[in-house]
Amino acid sequence: MGARGQTVRVARTVVVESARIPRKLFKVFVEVEGMYRNMVEQLTIYAVRNTITSFTRLKALKYRELRRLYPKLPSHYAYTACQDSSTRAKSFIRLKKLGQIDSDYPRVEKVSIWLDDHLWRLEGYTSIKIATHKGWIRIEFEPHKQYWKYINGGWKPASEAKIKLDKRNKKIKIYLVLIKDIEPYKPRGYIPVDVNEDNIAILVDDKPVLLETNMKKITLGYYYRRKRVQEKYDKIYGVKSRVKKKILRKLREKKKKHSIRWKTANIIVREAVRRGYGIALEQLGRRSANNMIKKVRDRQLRHRIYQASFKSIQNAIAEKAREYGVPVIYVDPRNTSRQCPIHRAPILYDNGSRIGKCSIGGEFWHRDVVACYNILSRTLGVDGSYAPKPLGITVDGRPVPLASTAAHDPIVLDRGLWERWKSPPKIHKYRMTR
Ligand SMILES: [Zn+2]
């Protein structure tokens, strides 16, 4: 899975806003939106009714009709309306299958107008031209700091864009897709990352760091709270109640997890960039459930919940890494916390202890850290050109005991601390707690 050697295309959507547009001009866009919305409404219902999810098929069936309907509208709006609608139909059909939608037909509520390369172009860096039934119209927009950061960083606009009308303020929101081709560098080493229930363990040049996430509490806590809300309100108001939906929305689980994910990803990726390292992750999905979750009643369920949140953290790291050209590799996750990376023998843990003892060498290992050493040593199997240095072996060949009193104990950073960071952790400064 190593992406080294080939370029990867990274895309980001950036939203910029036009200045206030004169009434007469704005009216043209309101008309475009009306026609576009009408096309999308008809197409989406047609697509769902006939179970069409392919853009090409929808276009083949409906293009002529759409052109007859709005002959003055530039023809490519019929294309993009088909694209928009097939996407809507696809997601409606999928959600319907999953039982997450009650209505039989999709409602088109919010509309943003999809533009392809025939319908818009960038004019300089601060305005765009949009094709309408009244000809091309030039719109100035107000670039912001983030936009310039991308442009100056070599990002280029993709051929597609979207616009949305802000009718109250007579402004247009422009959704630009910026792309960049990035070539991952050749890593001089790897930072292994082990995602656990409550922390993310990383190993930076032999220094283990645990970023505490409390993901367990957040994931399980929210899961059970959500379930309680569901059961309670289903009983009183029925399964489809609006009250329930409103309360579920308020739980804000998503937002919290999202922020944890991206902050962790940022810290790890920056650390890798600074050192010219790659990132090594466990290939999830094959790890056995009982390996990670103890004392579980509904083991399968918990496993699924955790896996999903572990994977989303990994994905955030991988995505951030792509943006900076940091190579990411995935290694076999089997027994990473139970096997001694030096002797390849089982590590024995006393009940509930974080510290285990190697069954052959007798040296001690910290549970959250040993996985990182194993992941690091397994990078060799994936990236053959890079050899991790022999693990924990001192000059005279003795294994370094990673005892609870040794300097190799992880530095635990609680979330309150690292969440506020913008730059990578200055690891040595933080006092170890356990
Ligand atoms: Zn050992």
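Two strands are said to pair if DSSP finds at least two bridges between them. Helices (H or I, at least four residues) and strands (E, at least two) are DSSP runs, numbered from the N terminus. On these terms, 7 strands form an open sheet with antiparallel pairing, in the order S2-S6-S7-S1-S5-S4-S3. At its edges stand strand S2 (113-115) and strand S3 (120-123), each of which pairs on one side only. Direction ignored, neighbouring strands of this sheet are turned by 35 degrees against each other on average.

The structure is a predicted model, in which local features need pLDDT of at least 70 and side-chain atom pairs count only at pLDDT 80 or more, while totals for chains, interfaces and linings use all residues. Residues are numbered from 1 along each chain as its sequence is written.

Thr-13 stands opposite Val-177 in S7. Helix H4 packs on the sheet and touches S1 and S7; its direction makes about 145 degrees with that of S1. Such angles run from 0 to 180 degrees between N-to-C directions, the axes being lines fitted to C-alpha atoms, for helices over the stretch in contact. Contact between two residues requires their C-beta atoms, placed from the backbone, to lie within 7 Å.

A residue is buried if 20 or more other C-beta atoms lie within 10 Å of its own, exposed if 12 or fewer, and partly exposed in between. Of the 8 residues of H4 (residues 145-152), the number buried is 0, so this helix lies largely in the open. H4 is followed by Gly-154, whose phi is positive, near 90 degrees.

**Helix H3**

Helix H3 (residues 76-97) has 22 residues, which at 1.5 Å a residue should span 32 Å; its end C-alpha atoms are 32 Å apart, which agrees. The expected span is 1.5 Å times one less than the number of residues. Among the buried residues of H3 are Tyr-77, Asp-84, Arg-88 and Phe-92. The buried residues of H3 pack against helix H1 (23-49), helix H2 (55-69) and S2. After H3 comes Gly-99, with a positive phi near 75 degrees.

Another open sheet has 3 strands in the order S13-S14-S15, with antiparallel pairing. Strands S13 and S15 stand at the edges with a single partner strand each, so one side of each is left without a neighbour in the sheet. From one strand to the next, the twist averages 40 degrees. S14 and S15 pair over 3 bridges, and Lys-357 has Phe-364 in S15 as its bridge partner.

| S13 | 347-349 |
| S15 | 364-366 |

Helix H9 (residues 367-382) packs on this sheet, touching S13, S14 and S15, and its direction makes about 95 degrees with that of S15.

**Nonpolar cores**

In soluble globular proteins, nonpolar side chains tend to be buried together. A nonpolar core is a set of buried Ala, Val, Leu, Ile, Met, Phe, Trp, Tyr and Cys residues joined through C-beta atoms within 7 Å. The largest here has 42 residues, and those with the most contacts inside it include Ile-191, Ile-268 and Ile-317. H9 gives the most to this core, with 7 residues. A second, separate core of 36 residues includes Phe-26, Leu-43, Ala-89 and Phe-141.
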